[in-house]
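Good morning. I will go through one model today, starting with the overall picture and then taking the parts in turn.

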Amino acid sequence: MVEKYIKRHSFLARFTHGTAAVCCVILVISGIFVFIPAANNWAGPEFTIAMRWVHRIAAIPFILVPLYAFFFSLKGAKHLFFHNIFGKWDKDDYEFAAKFLPYLFAPSKVHMPPQREVKSMQRVADGILLFAGIFIALSGIVLWLNTGLLPGGKWAVHFSNETMLVAKIVHDISFLVFIVFGLGHVYLGGGIFQPYRGTARLMFGDGKVSEADAAYHWGYWANVKIATGEGVSEEQKGNNDPVLIKEAIDGVKANKR
Ligand code: HEM
């Protein structure tokens, strides 16, 4: 059977997202030993020092890879921030937000309005997650610099006590926000909850969504993509050579000329 698929996330977006997800897991685990005295008392000083360095090293790709993606694809970054995260809400966006909780518990009984590229509540959650990540990174850089960029306190930049206190509070509060929204994001994005089954493929697979799933979740976006053929491919099970619809249409047009 031939099925239509729509490209949703580029390789760069998936690579950046995957790096952030893996780094987050390492940062949370190592952070337990950096910030909770009971955990480092239990693990001992050597393990704690090792975890402090794991925490710092995992922070490097967590910061640099999204920064690289931002500057490498300014168009994509602009689209993410201005079209999606800060995009203006319409009537359907408000209706989706109002019905979200009942939908979460009884998806088959609640009829949701069609959505644009990213659902209204998902835009809020993604935005909070992104900004919490930015604040964690900025405050973390201050905390790291103060103790020295290299082992033995080398390459240190010393900040005032007030700055250090603010950096610690920002790091802790952003972490709490990050965990709350991160867990919700993983629960929905991981596809554990029925209407979202299979969505993990969008970020951890080939970045494509089937026409039927796209129409169900993001009706307006799917209609535009299907009508223009942009990023749409026709695939047959067992055949690894997808037919790209836009290229096929352009090819037919070129042959007619
Ligand atoms: C294992 C953990 C994670 C899973 C399973 C997951 C899953 C997903 C999925 C499936 C999407 C695509 C949603 C869509 O196409 O509508 C997505 C998008 C996104 N995720 Fe995650 N995610 C995880 C971790 C993270 C982390 C740690 C961050 C933040 C640092 C994050 C930030 C984002 C953002 C900002 C988007 C929107 C990207 C865009 O629209 O281009 N995710 N996630």
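**Overview**

The protein chain holds 11 helices and 4 strands. Please keep in mind that this is a predicted model. Along the principal axes, the C-alpha atoms of the protein chain fill a box of roughly 70 × 45 × 35 Å. The protein chain has 257 residues, and 21% of them are buried.

**The ligand**

Let me turn to the ligand. It is surrounded by 23 residues, and the closest are Ala-20, Ala-21, Gly-189, Gly-190 and Met-203. Which helices supply at least two residues each to the shell around the ligand? They are α1, residues 11-35; α4, 74-85; α6, 120-147; α7, 161-189; and α8, 200-204. Of the elements in the shell, α1 gives the most, with 5 residues. As for the classes of residue, the shell around the ligand has 12 nonpolar, 9 polar and 2 charged residues.

**Helices α6 and α7**

Two of the helices in that list, α6 and α7, deserve a slide of their own. Packed helices in general are described by the distance between their axes and the angle between them. Here the axes of α6 and α7 come within 8 Å, and they cross at roughly 145°. The crossing of α6 past α7 is left-handed. In the contact of α6 with α7 there are 15 nonpolar, 10 polar and 1 charged residues.

Is Ala-167 buried or exposed? Ala-167 has 20 other C-beta atoms within 10 Å, and is therefore buried; the cut-off for buried is 20 or more. Ala-167 and Leu-138 are 29 residues apart in sequence, while their C-alpha atoms are 8.3 Å apart in space.

**The sheet**

Next, the strands. They form an open sheet of 4 strands in the order β2-β1-β3-β4, and the pairing is antiparallel.

Ser-233 stands opposite Leu-244 in β4.

**The cores**

Last, the nonpolar cores. How many residues make up the largest nonpolar core? There are 9 in all: Tyr-5, Ile-6, Leu-202, Val-209, Ala-214, Trp-218, Trp-221, Ala-222 and Val-232. Two elements give two or more residues to this core, β1, residues 2-7, and α10, residues 219-228. Another core, of 8 residues, lies apart from it, and its members include Ala-125, Ala-132, Ile-136 and Phe-175.

That is the last slide, and I will take questions now.

Technical notes:
Residues numbered from 1 in each chain as written. Predicted model: local features only at pLDDT ≥ 70, side-chain atom pairs only at ≥ 80, totals over all residues. Near = placed C-beta within 6 Å. Nonpolar A, V, L, I, M, F, W, Y, C, P; charged D, E, K, R; others polar. Axes fitted to C-alpha atoms, helices over the stretch in contact; angles between N-to-C directions. Left-handed = near helix turned anticlockwise from the far one by under 90°. Core = buried A, V, L, I, M, F, W, Y, C linked by C-beta atoms within 7 Å. Buried ≥ 20, exposed ≤ 12 C-beta atoms within 10 Å, placed from the backbone. Pairing = 2+ DSSP bridges.
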